[in-house]
Amino acid sequence: MRGLSVHQAPPFVIVALHFLTACIFWLISSFLELYLFLKKELNLPLLVHTHLLGFALITMFGALFQMLPVVAGAVIKEPLKKALPSYLLLLFSVFVFLVGFSKGDRNILNFGATALLISILFISSLMMYHLLPKKSFLPAVRGFKFSLSFLLAGALFGYLFLLLGEPALFKLHHSFMLWGWVGGLIVSVSFQVIETFYTTPPYPKYLAWYFHPLLLLSLLVFQLGEGSIYRLPIFLLYTFYALTTIYLLLKSKRKVLEYTPRFWLLGMILLLSACALFLIGKFIPFLLVFGLFFSAIIVGMMQRIIPFLVWFHLSGFGIKSAPLMFEILPPLRQGLTFYSFLALCLSLPLGFLSKDLLFIPIFFHLLTASVLFFNIVGGVKIYLKNR
Amino acid sequence: MLSITEYLTEEHRECDSIYAEVERLIREGKWEEGEKAFEEFKSETLKHFEREEAVLFPEFEGRTGIVMGPTQVMRMEHAQARELIERMERALKNRNREEFLSVGDTFMILIQQHNLKEEQILYPMCDQHLDPSEMIQKMESV
C-alpha cells in the first residue's frame, strides 16, 4: 500500500550517476568513431554496443530507477544499496565486453558477456519483481513490463548467439533488443509524456493498450522468415505509432521554449526512416538511423529529467531559492544540443556518398556529446553546490 | 457512473489545458488576457487541490488508516505547486515574461509527475476503498 515514499523519489545520486556515465560513453563512442575513421577501419559491433549498452542501456536503467516508483508505484526499498552494486557490475561488464570487441579476443568477450548477462538479469529481475505485482492502470506501466521482458529475452539470445553462433539467435537478439527493449520502452514513456507534458490529445486507446502485445506478435512473425513480408508487422506498428505521435505533437496546445518536443519530433522522423530501411532490408543504414532515433529521445529527455530532479530534490530539502529548471539548464544550451544533433542527422547521408565525408557527422556527434555532457555535469554541480 | 480516477483525471486535463492557454497568451505578450486566463487556471487548480485535501484525503485516511503514505506526499507536492503558482502570479504582475515561463515550465513538470502518481497509485486506491458517487458529490460541493 505504501506506493510512495515520503521523500517521493529515489536518491538523486542514482539517476545522476547513470546519466553521467551514459554521457561519458556517448562521448567515448564519438571519439571511437573518430579513431576508427582516421584508421580507416569499421568495427560495427564495437560501435553499436558502445552506443546501445554504454549510452542507451545505462540511461534507461537510470531512468527506470526514477520512473518505477513515480509512474508505477513500484518502490524498490533501500534503492541505493541495490542500485549502486548493480551499477558497478553493469559498468564493469559493459567495459570488459567492449574491450572484448575492440581487441577481438574471444575469452575477454565471453567473460564480459557472462558478466553483462548477470548484471542485466539482476537489474531487470529486481525491477520486474517490484513491477509485476502492480496493476497497470496506465499503458506506460504495462509497456515497462513488456519492455523489460524483451530486454531479458534479447540479452539471453545475444549470449546464446555468442556461444552457439546460430544466425537465428542473432536475429532474435537484435530484434528483441532494438524493437522490443529500446523501441518498446521509448513508446511506453511517450504514452505518458506526450499527452500530459505537452497538452496534446491522448493516444488512441487501442494503440496505447495493444501496442506492446502487438509488438510481441510482430517480433515473433519477424523470426519466421527473411522476406519483407515478415518485417511488415513491425514496420506497420512502428510507422503507425510514429505518425500518430507526430500528429499529436503538432496538435500540442503548449508552445514551449525548451527543445524536448523538437527532439521527439525529430526522433519520430528518424523512426519513420528507420522503419523504411528495415522494411527494405538495409540493415546497416537501419542500425545507424535507429541509433539516431533513440539518441534523439534520450538526449532530449535527459536534459529535462536532470534539471527537474535538481530542482525537485533541492526544493524538497526546503531550499526556498532552489534554482528553477531554466536556471539549471537554459533552453539556449539545450538548443545547442538540438541543432548540433540535427546537423549530425542531416550530414550522415554524406557518408554514403563518400567515406571521407563521414568526418562531418562524426564531428557533430562529438560536438553534441560534449555539450550534452557539459549540460548534465552543470546540473549535477548545481545540485551538489546547493544541497 | 464516473470513478474517482476518471473524475479527477479529467480535472487534471482541464487544468493543463487552461495553463497551456495562459502560456500561449504570455508568450504572445497578451498580458491582460493572460492575467484573466491565469486567474481561471489558479482558481481551478487550487479548487482541485482543495477537493483532494478537504474531502478525498481525509476520507481515504479515515477508511484505510494510512496517514503517512501517499496522501502526505501529495500534500507536500501541493505545497510546492502552490509556491510556484504564487511565483508565477508575481512574475505576471511584474510583466516578467522570462520569469513566468521559467516558473511555469518547472510547475508543469512537477504537476505532471504529481498527477501520474495520483492517477496510477492514489486514485485507484481511493476507488477501491471509497464510494465513488458519494465522494464525487462531496468534492463537487467544495
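Predicted model: local features only at pLDDT ≥ 70, side-chain atom pairs only at ≥ 80, totals over all residues.

Visitor: What makes the radius of gyration of chain A agree with that of a compact globule?
Guide: For 387 residues, a compact globule would have a radius of gyration near 21 Å, and chain A has 20 Å, which agrees. The radius is taken over C-alpha atoms, and the globule rule is 2.2 Å times the number of residues to the power 0.38. Along the principal axes, the C-alpha atoms of chain A fill a box of roughly 55 × 45 × 45 Å.

Visitor: How many helices and strands does chain A have?
Guide: Chain A has 14 helices and zero strands; helices (H or I, at least four residues) and strands (E, at least two) are DSSP runs, numbered from the N terminus. Of the 387 residues in chain A, 60% are buried. Among its contacts (heavy atoms within 4.5 Å) between residues at least 6 apart in sequence, 78% join residues at least 24 apart.

Visitor: Why are helix 6 and helix 10 of chain A called roughly parallel?
Guide: The axes of helix 6 (residues 167-197) and helix 10 (residues 283-316) of chain A cross at roughly 30° and come within 12 Å. Angles under 35 degrees count as roughly parallel, over 145 as roughly antiparallel, 65 to 115 as roughly perpendicular and the rest as oblique. Helix 6 and helix 10 of chain A are therefore roughly parallel to each other. Residues of this contact include Trp179(A) and Ile186(A) of helix 6 and Phe290(A) and Met301(A) of helix 10. By class, the contact has 15 nonpolar, two polar and no charged residues; Ala, Val, Leu, Ile, Met, Phe, Trp, Tyr, Cys and Pro count as nonpolar, Asp, Glu, Lys and Arg as charged, and the others, Gly among them, as polar.

Visitor: What makes helix 2 and helix 5 of chain B roughly antiparallel?
Guide: Helix 2 (residues 31-64) and helix 5 (residues 132-140) of chain B pack at an angle of about 155°, with axes 9 Å apart. That angle places this pair of chain B in the roughly antiparallel class. The contact is made by Arg51(B), Val55(B), Leu56(B) and Glu59(B) of helix 2 and Met135(B), Lys138(B), Met139(B) and Glu140(B) of helix 5. Four of these residues are nonpolar, none polar and four charged.

Visitor: How do you know whether Ser136(A) is buried or exposed?
Guide: Ser136(A) has a relative accessible area of 18%, and buried means under 20%, exposed over 50%, partly exposed in between (1.4 Å probe, protein chains only). Ser136(A) is therefore buried. Ser136(A) is found in the loop between helix 4 (106-131) and helix 5 (139-164) of chain A. Not counting residues up to four places away in sequence, Ser136(A) touches Val141(A), Arg142(A), Lys145(A), Trp209(A) and Gln120(B).

Visitor: Why does Arg95(B) count as partly exposed?
Guide: Its relative accessibility is 36%, so Arg95(B) counts as partly exposed. Arg95(B) lies in the loop between helix 3 (70-93) and helix 4 (97-129) of chain B, and its phi is near 55°, a positive value in a residue other than glycine.

Conventions:
Residues numbered from 1 in each chain as written. Chains lettered and ligands numbered in written order. Heavy atoms only, no water. Axes fitted to C-alpha atoms, helices over the stretch in contact; angles between N-to-C directions.
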